[in-house]
Amino acid sequence: MSLATTWSQATGIDVPIVNAPMGGAAGGRLAAAVSAAGGLGMVGMGSSATAEQLSAELARLEGQRFGIGLVHWVAQDRPDLFDVALTAQPALLSVSFGQDWSWVRRAHDAGLTVTTQVATVDAARRAVDAGVDVVVARGAEGGGHGEPTVGTLPLLAEVLDVVDVPVLAAGGISSPRAVAAVLAAGAAAAWVGTAFAACDEALTPTGARDALLAAEGADTELTTQYDVAAGYRWPASIPERVLRGSPVNAGQGVGLVRRPVGAAEIVHSLSEGAEQLLRRWH
């Protein structure tokens, strides 16, 4: 059997694996490596992103298919950042954590496919009503910023039942078993963060990478203290999940990330392992 989904085939990728657009970790080098291995590599722009930073990371893509992920309020504060993203013509543009949907029309006018991360069924409905082409059901297990409301599988199941667009699954997906589980449930692809944050091509600093590789799944916590200290205007309802006592973003799947490997090995391990499991279950 093939692991491909209708959405992955339409997007032009070999396997339904997308690296989460993590600010400070998912740069152009990581996105290029993920895409070269058959997935969709995403360049992530976080809380302090600038148009210049995005342009610099896009220059590292080496002609590979790619996506771009932006934080809504950052893109609003820095309209030139959004302009660079539109001009780059990504295969997928993700803008998350906002309530104003005017960006969807601008992206569609530029010929782009757009997505956003949602944490509730109501948010998924609002996104689809606004014209979003794909939704990412992000469960509370996920690393970095997000609304910690519902676990990944319950959220995915509910969202799949109420929207008629492709749904990607995010949150705690760091192993072939987790990829197989969300695909079996009906996800169009797995949106993987922490496993790629610890890989060789990520922008993650060495100390943070070592901490990720040493951590267990229970070693994370939700906090807003680092955003407050940095003066970022994240709402209190959207904390970030980090390794306990540190600003290192990590999801609850971190305990399954054990050794430093390249992005290609992660894509192949996740996809081949998930395919074997699904074939066995089938």
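**Entry 1: helix H6**

I started with H6 (residues 102–109), where Trp103, Val104 and Ala107 are buried. My cut-offs: buried is under 20% relative accessible area, exposed is over 50%, and partly exposed is in between, with a 1.4 Å probe and protein chains only. Looking down the axis of H6, I found its buried residues within an arc of 105°, so they line one face of the helix. That arc is taken from the directions from the helix axis to the C-beta atoms.

A note on what I'm working with: this is a predicted model, where local features need pLDDT of at least 70 and side-chain atom pairs count only at pLDDT 80 or more, while totals for chains, interfaces and linings use all residues. Residues are numbered from 1 along each chain as its sequence is written, and side-chain values use heavy atoms, with hydrogens and water left out. Helices (H or I, at least four residues) and strands (E, at least two) are DSSP runs, numbered from the N terminus.

What do the buried residues of H6 pack against? They pack against helix H4 (72–77), helix H5 (79–88), strand S4 (92–96) and strand S5 (114–118); contact here means heavy atoms within 4.5 Å. On the face turned away from the buried side I found the exposed residues Arg105 and Asp109. After H6 comes glycine 111, with a positive phi near 85°.

**Entry 2: a sheet**

Next I looked at an open sheet of 3 strands, ordered S7-S11-S10 with antiparallel pairing. Its edge strands, S7 (144–145) and S10 (220–223), each pair on one side only. Two strands pair if DSSP finds at least two bridges between them. S10 and S11 (residues 240–243) have 4 bridges, in the antiparallel sense. I also looked up glutamate 221: its bridge partner in S11 is valine 242.

**Entry 3: H7 and H8**

How do H7 (residues 121–129) and H8 (residues 152–162) cross? Their axes come within 9 Å and cross at roughly 40°. Axes are lines fitted to C-alpha atoms, for helices over the stretch in contact, and angles run from 0 to 180 degrees between N-to-C directions. H7 and H8 are therefore oblique to each other. Angles under 35 degrees count as roughly parallel, over 145 as roughly antiparallel, 65 to 115 as roughly perpendicular, and the rest as oblique. On the H7 side, Val121, Ala124 and Arg125 meet Leu155, Glu158, Val159 and Val162 of H8.

**Entry 4: glycine 46**

Last, I found glycine 46 in the loop between S2 (41–44) and H3 (51–58). Glycine 46 is buried, at 18% relative accessible area.
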